[in-house]
Amino acid sequence: MPPLGGWAGVGRVSVAVPAPGAGFGCWAGAPSAALDADGEIVLAYRLRDTERRGGEVVVGGITLGKERFGAESLERPALVRVGGGWRLYLSCATPGSKHWWICALDAPSLAGLAQAEPVTVFAGDAETGVKDPVVRRDGTGWQAWICCHPLDEPGEEDRMTTAYATSDDGLAWEWHGTVLAGRPGAWDARGARVTAVLPDGTVYYDGRATKDENFREQTGIVGGAAPVADVRYLDVLPLPGGGWRLFYEAPLPDGSHELRTELIDSAAWPSRV
């Protein structure tokens, strides 16, 4: 696994996007990164403040506001190259409820995403809110890991599990059910949200033990006994020349969050934990 946070003395860490303000609720993060046709990194991320919640998602310098989607808030996007264009998945909150759904935008260019028509791809239902997709595409098709929030107990909607889905086109999905859940008595007892899936099968996820730790998840590895970093929403991007570019949301002492990036050399990456 890659050493996160720079404390292992290997990663070169910098701030990719500063916190949008001071104090709790002012957060830059929930990143998703992809490579363009020239091998350059394109980054999508969510900006949140205390007035508008997740008010906008920024992708390649293009800002998408929540109002365009009729959403009360936006959360983690997922960015995927499709042919010569782009697909962006967005997590949208249903106004006046704890429900979430996921839509997709297709465009031939990043700028075109600003006018692209949203298509609902994961609707959720009365009992489940769905958000924070991790989407991967390879020669065999599409895969998605979806964070699911049960809505059956008022006031307890922060609980979370991860479901898995597959697709031929990334729009019509076959749901395969829960693949990751918290463990009673463990650091992830309250919930487990997949955040990154690596080519070798390593899976990173956000977890927390209690309701009070909502918004302060930590990163762990599926199969590990303890968290590996005090960050959340990790994304891991393999680089064409070798090595890895990490993006993650990191808490600051005043309660705000900044989006950090970390470069890991390929020689410094152990194959598994």
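Predicted model: local features only at pLDDT ≥ 70, side-chain atom pairs only at ≥ 80, totals over all residues.
Student: Which residues touch the most other members of the largest nonpolar core?
Tutor: In soluble globular proteins, nonpolar side chains tend to be buried together. A nonpolar core here is a set of buried Ala, Val, Leu, Ile, Met, Phe, Trp, Tyr and Cys residues joined through side-chain atoms within 4.5 Å; buried means under 20% relative accessible area, exposed over 50%, and partly exposed in between, with a 1.4 Å probe and protein chains only. Of the 21 residues in the largest core, those touching the most other members are Val-59, Phe-69, Leu-88 and Leu-90.

Student: Which elements give two or more residues to this core?
Tutor: Strands are DSSP runs (E, at least two residues), numbered from the N terminus. The contributors are strand 3 (41–49), strand 4 (53–59), strand 7 (85–93) and strand 8 (100–107).

Student: Which residues is Leu-90 in contact with, leaving aside neighbours within four places in sequence?
Tutor: Contact means heavy atoms within 4.5 Å. By that rule, the partners of Leu-90 are Val-57, Leu-64, Phe-69, Pro-77, Trp-101, Ile-102, Cys-103 and Leu-105.

Student: Is Arg-159 buried or exposed, and which residue does its side chain meet in a salt bridge?
Tutor: Side chains of opposite charge can pair when their charged atoms come close. A salt bridge is counted when a side-chain nitrogen of Lys or Arg is within 4 Å of a carboxyl oxygen of Asp or Glu. Arg-159 counts as buried because its relative accessibility is 18%. The distance in its salt bridge is 2.8 Å, N to O, and the partner is Asp-152.

Student: How many residues apart in sequence are the parts that Glu-156 and Lys-211 tie together?
Tutor: The side chains of Glu-156 and Lys-211 meet in a salt bridge at 3.7 Å, N to O. Glu-156 lies in the loop between strand 11 (141–150) and strand 12 (161–167), and Lys-211 in the loop between strand 15 (203–208) and strand 16 (218–221), so the pair ties together parts that are apart in sequence by 55 residues.

Student: What relative accessible area does Asp-158 have?
Tutor: Asp-158 lies in the loop between strand 11 and strand 12. Not counting residues up to four places away in sequence, Asp-158 touches His-149, Arg-190, Arg-208, Lys-211 and Asn-214. Asp-158 is buried, with a relative accessible area of 9%.

Student: What volume does the largest cavity have?
Tutor: On a 1 Å grid over the protein atoms alone, a cavity is a set of points where a 1.4 Å probe fits but cannot get out, and lining residues have an atom within 4 Å of a point. Grid points are joined across faces, edges and corners, and a volume is the space filled by probe spheres set on the points. There are two cavities of 30 Å³ or more, and the largest has a volume of about 50 Å³.

Student: Which strand gives the largest share of the lining of the largest cavity?
Tutor: The lining includes Pro-133, Val-134, Val-135 and Arg-136. The largest share, four residues, comes from strand 10.

Technical notes:
Residues numbered from 1 in each chain as written. Heavy atoms only, no water. 1 Å grid on protein atoms, 1.4 Å probe; cavity = no way out; pocket = protein on both sides within 12 Å on 5 of 7 lines; lining within 4 Å.
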